[in-house]
Amino acid sequence: MHDAYAGKWPSTVTFVQRTIVARPNGVVDTTTWYEALKSPDRLRIDFGDPSKGNGALYTTDSLYVVRAGKVVRTVDSGNPFLPFVAGVYDQPVDATLRQLASWKFDLSKIRSDSWQGAPVYVVGANSPDDLDSPQFWIEREHLQPVRFLVKLNPAPDAKPNDIRLEKYVPVGGGWLATHVAIMEGGAVRQAEDYSDWKGNVPLASDFFVAEKWSNTPHWFSGK
């Protein structure tokens with residue numbers, strides 16, 4: 001994965017995300033998020049109107065929650081997908097392996113399989129019947145992730161979520177999945193559809209610093 005895209009992966013990707021969340025009580029919320037991904041390890045999400053200053057900044061090991069432009073909470077847990085959607089293609093392999101360690105993928109277990117009619121590599125589970133072990137599925141043609149089975153709920157008895165990445169498009173020398181489904185118990189709990197994607201958008205370094213959330217113009221609104 002690294003060798004196929006080293007030196008080619010986009011430095012930034014921006015997109016608008018329509019997010020549909022189905023709550024256990026039957027309520028369905030639909031919101032618009034504005035996202036910016038900076039390789040290899042930063043993801044900024046503005047929830048709703050970017051001028052309001054509400055959002056989150058993810059790294060591979062931390063989360064910063066921002067309200068009205070100020071950091072109101074930090075969490076000592078990062079985004080498990082950053083190493084796959086950016087990091088592995090744009091940083092040394094050793095760095096990616098360190099970032100994956102906390103998610104307990106057994107990298108010694110790898111098999112060939114198929115997913116939605118395409119050949120894939122499955123890492124983390126030797127048997128197709130094993131849907132409980134942490135694992136990731138990589139399609140073989142473009143070496144992009146198409147499925148994850150990981151626990152997003154920290155409860156000890158929680159089952160892994162089934163996360164699916166679909167409808168890939170080329171962006172800035174790399175690829176972007178434009179539909180993501182996060183499933184729980186066989187039901188889609190969160191669906192994401194992307195639009196207006198752009199690669200290699202010039203963004204100041206401060207744009208990805210939570211404590212400087214509103215210091216630089218936003219790529220979408222210009223404010």
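Colleague: Which residues does Y121 touch, not counting residues up to four places away in sequence?

Modeller: In this predicted model, Y121 touches R111, S112, F136, W137, I138, R140 and L143, once residues up to four places away in sequence are set aside. Y121 itself is found in strand β8, which covers residues 118–123.

Colleague: What makes the pair Y121 and R140 a polar contact?

Modeller: The side chains of Y121 and R140 are joined at 3.4 Å, and the cut-off for such a pair of N or O atoms is 3.5 Å, so the pair falls within the limit and is counted as a polar contact.

Colleague: How do you know whether L143 is in contact with Y121, given that their C-alpha atoms are separated by 9.0 Å?

Modeller: L143 is among the residues that Y121 touches, although the two are 22 residues apart along the chain and their C-alpha atoms are separated by 9.0 Å.

Colleague: Why is Y121 called partly exposed?

Modeller: Y121 has a relative accessible area of 30%, and because buried means under 20% and exposed means over 50%, a value in between is called partly exposed. Leaving aside its neighbours within four places in sequence, L107 is in contact with L97, V123 and F136.

Colleague: Why is R44 counted as buried, and what does its side chain reach?

Modeller: R44 has a relative accessibility of 3%, which is under the 20% limit, so R44 counts as buried. R44 lies in strand β3, residues 42–47, where its side chain makes a polar contact of 2.9 Å with the side chain of D46 and also reaches the backbone oxygen of F207 at 2.9 Å. F207 is also one of the residues in contact with R44 beyond four places in sequence, and others include Y34, F208, W213 and H218.

Colleague: How do you know whether Q144 is buried or exposed?

Modeller: The relative accessible area of Q144 is 2%, and because this is under 20%, Q144 is buried. Q144 is placed in strand β10, residues 144–150, and its side chain reaches the backbone oxygen of H142 at 3.0 Å. Among the residues in contact with Q144, with neighbours within four places in sequence left aside, are Y5, W9, Y89, W137 and W175.

Colleague: Why is helix α2 described as largely enclosed by the rest of the structure?

Modeller: Seven of the nine residues of α2, which runs over residues 82–90, are buried, so the helix is largely enclosed by the rest of the structure. The buried residues are L82, P83, F84, A86, G87, V88 and Y89, and Y89 is also one of the residues in contact with Q144.

Colleague: What makes the chain as a whole agree with a compact globule?

Modeller: A compact globule of 223 residues would have a radius of gyration near 17 Å, and because the chain has 17 Å, the two agree. The chain holds three helices and 13 strands, and its C-alpha atoms fill a box of roughly 50 × 45 × 30 Å along the principal axes. Buried residues make up 44% of the 223 residues.

Key. Residues numbered from 1 in each chain as written. Predicted model: local features only at pLDDT ≥ 70, side-chain atom pairs only at ≥ 80, totals over all residues. Heavy atoms only, no water. Helix = DSSP H or I, 4+ residues; strand = E, 2+ residues; numbered from the N terminus. Rg over C-alpha atoms; globule rule 2.2 N^0.38 Å. Buried < 20%, exposed > 50% of the residue type's maximum accessible area, 1.4 Å probe, protein only. Contact = heavy atoms within 4.5 Å. Polar contact = N/O pair within 3.5 Å; in protein donor to acceptor, adjacent residues only side chain to side chain.
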